[in-house]
Amino acid sequence: MKTFYITTPIYYVNRFPHLGHLYTMMMADCVARYKRQRGLEVFFLTGTDEHGINIERAAARDGRTPEEQADYVVSYFKKMTAEFGLDTEHGGYDIFMRTTYPFHEEGVQELWRRAARSRTPKGREAIYKGFYEGWFCAPCAEYKTEDEYKKPEHAGDPPLCLVHDTPLDRVAEESYFFRLSDYGEALLALYESRTDFIRPEARRNEVISFVRGGLQDLSISRLKSSVSWGIPVPDDPAHTMYVWFDALSNYITAIGYGNDERERVVGFEKFWPALHLLGKDILRFHAVYWPSFLMAAGIEQPRAIIAHGMWLDQNGRRMSKTLGNTVELDVLRKHFTVDAVRYFCLREIVFGQDGKFWYEALVDRTNSDLASGLGNLLSRTLTMISRYCDGRVPSSQISEDRYLVAKRAGVDPDPQSLSSALEHARDQFILNFEEFAFSRALDNVWAIIARVDKMISDAKPWELAKDESQRQTLNAILYRGAETLRWLAVLLYPAMPETARKIFGQLGINYDPAKIDPAQLQWGTLEAGTQIGKVEPIFPRIDKAKTMAEIRKESERGAHATEADAVQGAPTAAQTRPEPPMKGATEAEMVAGASQPSPEGVTSMIEIGDFMRIDLRVGQILTAERVPKSDKLLRFTVDVGEENPRQILAGIAEYYEPEKLIGRKIIIVANLKPRKLRGFESQGMVLAASIGEEGKPVLAGFVEDVPNGAKLK
Ligand code: MSP
């Protein structure tokens, strides 16, 4: 059996997943399902990139070991893959690869050794020891040249990363180098001889001009004393491998390179080379560094490197957790089906180009293309089969003596023109899919939906049903509708697996669309007499105004939680530029009740609407500790009934022992803009009464038991 190996990038474990990560996984899942349907034996890899200084820092900041940090974030990635049907149980990935797996370490070290023993195309050692001096961006895990950073505002400060706007680290130490400068010509020859190696074309051209501009040798290790969280360089454990050398290698170690056991279970020999799918943000690593490492180690090049565009926010900025402008997966999942999200991502942007994400557009597409388009075609066809044919797929035959009556009703007695149109659309669909032109492939399907919808409307089955002489015409029309839906379900399976199965179920077909190769589809295979299943809307219409109002509210709340999610890779306190002083914000003010000496009476009346804008919730203190160098502040993590606990600071350290507060139910203001105090972001405010002259805080709470997250109103 022919094999096919597809990969997504492996994701950093300093951030929770968002739409961007989901997007690559969904696209890869779609290709994997398509290839399986075509009869190939597929291996689909996704996973996490767990080493390096950035992860080490994120873990330290949050009081975790790097291993705990990795496990913590991996659990969120796995939750995402399960909820969006991308895991093995749902027919998605075959491995969730982690660079902390021991077999990976073995494999990477083998790769390093092979590269270290090799000679460059110019006959020199591919890896050598030298001294690196320059700037490094931890979040990018990349050394930066002068045109890749911004000069600082104040002399003496470090320069800033152009991507993250965070200060760079100065590195001046002994390092192993990969002699990349010797591989330029070999790389250009590779791009030249395999014109579809990097896609799309525009990205290929960018890579070519980058390589033509000249390559510098690449530092591929850090001293263990600077970066200890990583894989040791073989035979020189004082050095830790550069995280990209480690990460890129996962694509081969996962399937057995350098480890006999993995080779037996999966098979490097069997599956390599892979098709790498990734965002254009990390194209250089995949299209320049990775092929050079492979050349040095004498390993075959990847099958192809396919770079997709970025999801942008409404202001055109790339969606990222650092910027706090991501689409929250919980919100997405709550209001939309998995298949609606998949469909939207495939159809809305031309694969390879950037696209802005709008919830409105997602609602509109769900309502128009899915509910009114595909869903309506299915329900109208099946409802009429129930009504006019006792719920059984009717015969498609129109006998010759009925040709004329059919024609009189405007129906072509021969199904050929429809079946040819379907075959043509199917062939176009396959061509487009092979080219990653998903949006165009779906256009092919929706053109058929429109055509068959019109065919039904023009034939007016409800009129035909009144005329016994048109019985065969009526049956033929309904058969054509149902058989078209069978075809569409097979074509749509990779894009919308759940929907395809639902369509099959409602048509009464008891085999799996995943098992039908679209190229083998034959008109007329749906058997007359098949008892159809229960007819249910596959895409109920979404109430746009109501849903948008809910989404706005939830996204605002989500935005509060994102920035300071305990695991965020935001700069450390020491790196953060000082916040502009908050007007009147004191540490004591972090407890609402203790904010200001309270006025004697109520000074001004507010409307109920003003009060309703304040989101008061029940929270439970999970952890409590003093903030270093502050007499007043305590730092809590509080469960407010959301997926992640919030970090909240309160100026009550003079009055409460932190240990005694653990488990206590409190009231918090949940929709207060986050603010930073002593380098920690507070994502809410704790309510307390303010007693006496000194304003001693007394925490508000409850006598009865109340669930976390309950609203106060
Ligand atoms: N760990 C490296 C990759 C190593 S691969 C050997 C890394 N990780 S990452 O967590 O930053 O993930 C980057 C990838 O996530 C992008 O290449 C893309 O696949 C996906 N996306 C992250 N943000 C995205 C958007 N805003 N839009 C689309 N995809 C995005 O880089």
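**Notes on the ligand site, the sheet and the cysteines**

1. Let's start at the ligand: one of its nitrogen atoms sits 3.3 Å from a polar backbone atom of G20. That makes a polar contact, meaning a pair of N or O atoms within 3.5 Å; within protein, one must be able to donate a hydrogen and the other to accept it, and residues adjacent in sequence count only if both atoms are side-chain atoms. A ligand nitrogen also lies 2.7 Å from an N or O atom in the side chain of D49, and a ligand nitrogen is 3.0 Å from a polar backbone atom of M319.

2. How much of the ligand does the protein bury? Taken alone the ligand exposes 670 Å², and the protein buries 95% of that (areas by the Shrake-Rupley method with a 1.4 Å probe; for residues, only the protein chains shown count as cover).

3. Before going on, a word on the model: it is predicted, so to speak of local features needs pLDDT of at least 70, side-chain atom pairs count only at pLDDT 80 or more, and totals for chains, interfaces and linings use all residues. Residues are numbered from 1 along each chain as its sequence is written, and side-chain values use heavy atoms, with hydrogens and water left out.

4. Who surrounds the ligand? The shell has 23 residues, the closest being I10, T24, D49, D281 and W311 (a residue is near if one of its heavy atoms lies within 4 Å). By class, 12 are nonpolar, eight polar and three charged (Ala, Val, Leu, Ile, Met, Phe, Trp, Tyr, Cys and Pro are nonpolar, Asp, Glu, Lys and Arg charged, and the others, Gly among them, polar).

5. Now the sheet: six strands form an open, parallel sheet in the order β3-β2-β1-β14-β15-β9. Strands are DSSP runs of E with at least two residues, helices runs of H or I with at least four, both numbered from the N terminus; two strands pair if DSSP finds at least two bridges between them. At the edges, β3 (95–98) and β9 (198–199) each pair on one side only. Strands β14 (residues 275–279) and β15 (residues 304–308) share five bridges, and L277 has I306 of β15 as its bridge partner.

6. Lastly, the cysteines: the whole structure has zero disulfides (pairs of cysteine sulfur atoms within 2.5 Å). For C345, the nearest cysteine sulfur, that of C30, is 11 Å away. Is C345 buried or exposed? It is buried, at 1% relative accessible area (buried is under 20%, exposed over 50%, partly exposed in between; 1.4 Å probe, protein chains only).
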